[in-house]
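Hi,

Here's the structure I promised to pass on.

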Amino acid sequence: MNQVSRQELSNWLDRELQIYRFKDYAPNGLQLQGKPYIHKIVMGVTASKELLEKAAAAQADTVIVHHGWFWKNEDVRIIGMKYERIALAIKHQLNVFGYHLPLDAHPQWGNNAQLAKVLGLRPNYVEGVPETTGQDDLVWLGSPPEGVQTLGQLTDVIANRLQREPLFIGNPDTPIQRIAWCTGGAQSYFESAILAGAQAFITGEASEPVFHMAQESGVAYYAAGHHATERYGVQALGVALQAEFPNIEVEFIDIPNPI
């Protein structure tokens, strides 16, 4: 049969992504129930109205994203944009799954692992496990791409591979040997990267304090785009899903986002 039950898919995702390891800012797993049997899955970064519309047009039964709904401290009322999104998903009987920190941290399909692959970063491994700063195991540590010796060269690699110029704070002539990275909005982890001995930190976004921290610590800072650094985990998860459930269709739909 060219289908999988919602429960079987949910069980597999929750188990493989080890959702119970994480105290997250939003619920991980099935966030909105749709059809009980699934023929087509659309993967995306964020469960926006545009993604849901495209999933419905593609005749999908399920949407799986990194940025789902029901975030900590947000207005709990189902009004405005939240109502429009949920009403659209219910109208088309879409199952909506969201996996936030579990998809950042996964050692094969996660955003950190996949960004390393895209940029050519070389993670350090300790007994087969990626070396991290220890802060939630979300900041990875490693070496620059083969042949990259300076921050300026690293900047060029990031710009070319992600197809966007990163915000860069540092001296392009500085030699580089040890790098820390965490995709998305991880500017609050910059200090942990500094304390771990990194000479550069790559993430998606920047906030005002990181400029001074970079200047005073001498550790370079890259804000390469939240969306741009987190396009790859959901794609890798989609490939894994297609291998696990070969009779259903899996499609990644990118909704460009300059942030």
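Below are my notes on the salt bridges and on one surface patch.

Before you dig in: this is a predicted model, where local features need pLDDT of at least 70 and side-chain atom pairs count only at pLDDT 80 or more, while totals for chains, interfaces and linings use all residues. Residues are numbered from 1 along each chain as its sequence is written, and side-chain values use heavy atoms, with hydrogens and water left out.

Let's start with charges. Side chains of opposite charge can pair when their charged atoms come close. I call it a salt bridge when a side-chain nitrogen of Lys or Arg is within 4 Å of a carboxyl oxygen of Asp or Glu. The count by this rule is 9 salt bridges.

One of them joins Lys35 to Asp61, with 3.5 Å between the closest N and O atoms. Lys35 sits in the loop between β2 (29–32) and β3 (37–38), and Asp61 in the loop between α2 (49–57) and β5, so this pair ties together parts that are 26 residues apart in sequence. (Helices, H or I with at least four residues, and strands, E with at least two, are DSSP runs numbered from the N terminus.)

How covered are the two partners? Asp61 is buried, at 5% relative accessible area, whereas Lys35 is partly exposed, at 28%. Here buried means under 20% relative accessible area, exposed means over 50%, and partly exposed is in between (1.4 Å probe, protein chains only).

Arg122 is in strand β7 (residues 122–123) and Glu146 in the loop between β10 (140–143) and α6 (151–162), so the pair links parts 24 residues apart in sequence. Glu146 is exposed at 68%, while Arg122 is partly exposed at 37%. Shared partners also join Lys40, Glu249 and Glu251 into one salt-bridge network.

Finally, the surface. Phe70, Ile78 and Tyr83 make up a nonpolar patch with about 270 Å² of accessible area together. Patches take residues with over 30% relative accessible area and no salt bridge, joining like charges within 9 Å and nonpolar side chains (Val, Leu, Ile, Met, Phe, Trp, Tyr) within 5 Å. Accessible areas come from the Shrake-Rupley method with a 1.4 Å probe, and for residues only the protein chains shown count as cover. Ile78 lies in the loop between β5 (62–67) and α3 (80–91) and is partly exposed, at 42% relative accessibility.

Cheers
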